[in-house]
Amino acid sequence: MRQRRQRRDKIARLISWGHWFTFFNILIALAIGTLYIEAAETPATFLGGIYMVISWLGHFAFLPFILFILLIFPFCLIIPYSRVLRGISTLVASFGLIALVADALFFRQYGYHLNTYSLSQLALDAETAFTGASFVLLLSMLLLFVVLLVFELALANIAWKRLDRLRAHHWGASFSAVFMLCFLSSHSIHIWADAVFYTPITKQDDLFPVSYPTTARTLMSKQGWLAEERLQATDKLLRETSSIELKYPTRPLMCARLPQHRNTLFVVFNHLTAAQQQQLEQNLPGLQNYTSPVLGQTSTQAGVFEVLYGLADIYAPPVMKTEQMPAYWRQLNDYQVQFEIQGDTAAFAVPEYLLKQTSSGYRTRIDLVFSTSVDAELLARIEQALVAEQQVVITALTPNQALDHDAESYAMTRLQVPLYHSPTLNIQPQDVVILTDLMPTVVNGYMNCSDGVRAYATGRNIAEPNAREFPVMTSFGRDLVIYDSQTTSIISSGGTMRSFDNITFEPRPNVSPATPVLVDGLKHLQRFSRKSDE
């Protein structure tokens with residue numbers, strides 16, 4: 001009995017030491033966290049500033065605490081030996097702090113948090129400064145880790161020797177209560193901000209590392225909380241969609257090159273008749289016919305834009321006005337992948353500024369060929385690409401049938417276009433595919449960005465399973481269309497909404513997309529608009 005009591009007292013003492021050791025590391029983490037705040041843009045409102053402070057207190061208190069719960073507390077129970085526990089705790093704290101310091105310094109320089117792609121970019125940028133800079137950088141981080149290790153060991157020993165004196169103070173519980181209150185308050189405030197699109201708060205979502213603020217989403221919609229505020233915010237987003245101030249890309253791309261050496265032949269027709277499709281299938285048996293529905297555009301020009309940029313066509317006017325190149329072109333060029341537009345560009349009204357790109361002569365290339373007919377020369381070129389095991393993509397921009405520009409013209413069955421591809425291009429079945437998805441899928445085979453294809457496109461990478469699940473929102477001119485499994489809803493630029501059945505085309509006046517669906521779709525489409533950051 002006595003031994004059990006002594007063991008229990010020993011474990012209690014170790015847990016108490018762990019609490020104080022964690023508390024001191026919380027203070028250190030908070031100090032490092034100020035580097036993020038200093039690098040961040042000053043919030044535009046008082047409430048935004050208050051949220052930043054309480055989020056800083058709550059988040060950087062939570063990180064050491066969760067490490068204590070997951071990695072230190074179990075050892076207090078399993079291995080109740082102070083020296084072993086102090087050694088393990090020192091290592092855990094040192095690794096955690098060095099990771100936090102490295103991420104903070106990287107964030108101040110690039111505006112991103114550390115990941116596998118950003119590490120490779122960091123090493124590349126260091127080598128451009130001078131040869132061996134990446135080694136010096138690594139050596140510096142190792143030296144800093146040793147310093148932190150010695151400091152943490154000293155801190156652990158001091159806390160253990162003075163534990164009785166520390167336990168005599170009762171302000172530890174008060175600090176814990178403050179940190180917990182800040183953590184809960186920051187998430188509660190963020191729920192409200194997400195519900196009403198209060199951007200001075202929501203734009204801070206990526207400020208701190210491993211931060212996942214709680215959002216409103218379906219909880220607010222189901223309970224009906226803040227319904228009026230959310231409706232007003234949705235109307236505001238709809239109005240902003242009609243006049244986009246371009247911010248493309250939202251920040252410099254942070255990508256890593258992939259070991260892709262296959263060339264890509266991307267053939268685009270204005271439309272493909274049933275006879276032309278039969279001709280392709282008979283002459284090119286190596287092609288695979290993609291079976292998921294692929295939606296074209298209502299105009300050739302809009303289709304050209306969506307294929308080239310991977311952006312919804314609501315961005316076409318500001319992009320064309322500023323003559324901005326596709327964001328991924330520069331990265332491909334840096335990775336020695338040549339992108340070239342060929343074929344009957346005049347018939348497709350391809351902008352002249354896109355044709356001025358000079359040939360770079362790289363061995364790996366992506367050829368985008370525009371054609372109005374299936375002729376023998378083009379068939380031979382596609383056959384040659386298939387034999388060489390290149391990636392081949394063939395599609396059309398608009399459907400065969402004439403569109404009456406009524407609501408039913410946006411029906412999936414009327415907008416479908418064919419999509420053929422080579423076996424070397426791995427694409428997965430989806431609920432529906434849009435033209436904006438095709439080029440990002442191809443480009444993603446040559447490079448991988450920290451934000452995936454979201455870094456430069458509104459399209460999805462359909463090489464990933466379930467990348468395009470219902471409901472799906474896209475744009476046709478100034479109209480927004482939401483496709484669901486049973487209904488299609490059209491939102492005009494004025495904000496009026498019409499819905500109809502996907503099979504019978506019968507109007508569904510009492511059916512409208514759920515608020516979170518509408519909100520998330522609008523926010524996704526507006527990611528490259530300056531107003532979304534205000």
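Buried residues (under 20% relative accessible area with a 1.4 Å probe, protein chains only; exposed is over 50%, partly exposed in between) make up 49% of the 534 residues in the protein. The model is predicted: local features need pLDDT of at least 70, side-chain atom pairs count only at pLDDT 80 or more, and totals for chains, interfaces and linings use all residues. Residues are numbered from 1 along each chain as its sequence is written, and side-chain values use heavy atoms, with hydrogens and water left out.

The protein has 18 helices and 14 strands. These are DSSP runs numbered from the N terminus (helices H or I, at least four residues; strands E, at least two). The accessible surface comes to about 26,100 Å², by the Shrake-Rupley method with a 1.4 Å probe. Carbon and sulfur atoms account for 57% of that surface. Of the contacts (heavy atoms within 4.5 Å) between residues at least 6 apart in sequence, 76% join residues at least 24 apart.

An open sheet is formed by six strands, in the order β3-β8-β7-β2-β6-β5, with mixed pairing. Its edge strands, β3 (288-289) and β5 (337-343), each pair on one side only. Pairing requires at least two DSSP bridges between two strands. Strands β7 (residues 391-396) and β8 (residues 419-421) pair in the antiparallel sense over three bridges. Here T395 stands opposite L419 of β8. Helix α15 (residues 376-387) packs on the sheet and touches β2 (264-269), β5, β6 and β7. Its direction makes about 150° with that of β2. Axes are lines fitted to C-alpha atoms, for helices over the stretch in contact, and angles run from 0 to 180 degrees between N-to-C directions. Helix α14 (residues 327-334) lies across β5 and β6 (364-371), running at about 125° to β5.

H421 is found in strand β8. H421 is buried, because its relative accessible area is 5%. Leaving out residues up to four places away in sequence, H421 touches L287, Q288, Y290, V392 and I427. The side chain of H421 reaches the backbone oxygen of L425 at 3.4 Å. H421 and L386 are 35 residues apart in sequence and 9.6 Å apart in space, C-alpha to C-alpha.

N263 sits in the loop between β1 (255-257) and β2. N263 counts as buried, because its relative accessibility is 18%. A polar atom of the N263 side chain lies 2.9 Å from the backbone nitrogen of R365. Beyond neighbours within four places in sequence, N263 is in contact with R363, T364, R365, Q390, Q391 and Y446.

How values were computed. A polar contact is a pair of N or O atoms within 3.5 Å; within protein, one must be able to donate a hydrogen and the other to accept it, and residues adjacent in sequence count only if both atoms are side-chain atoms.
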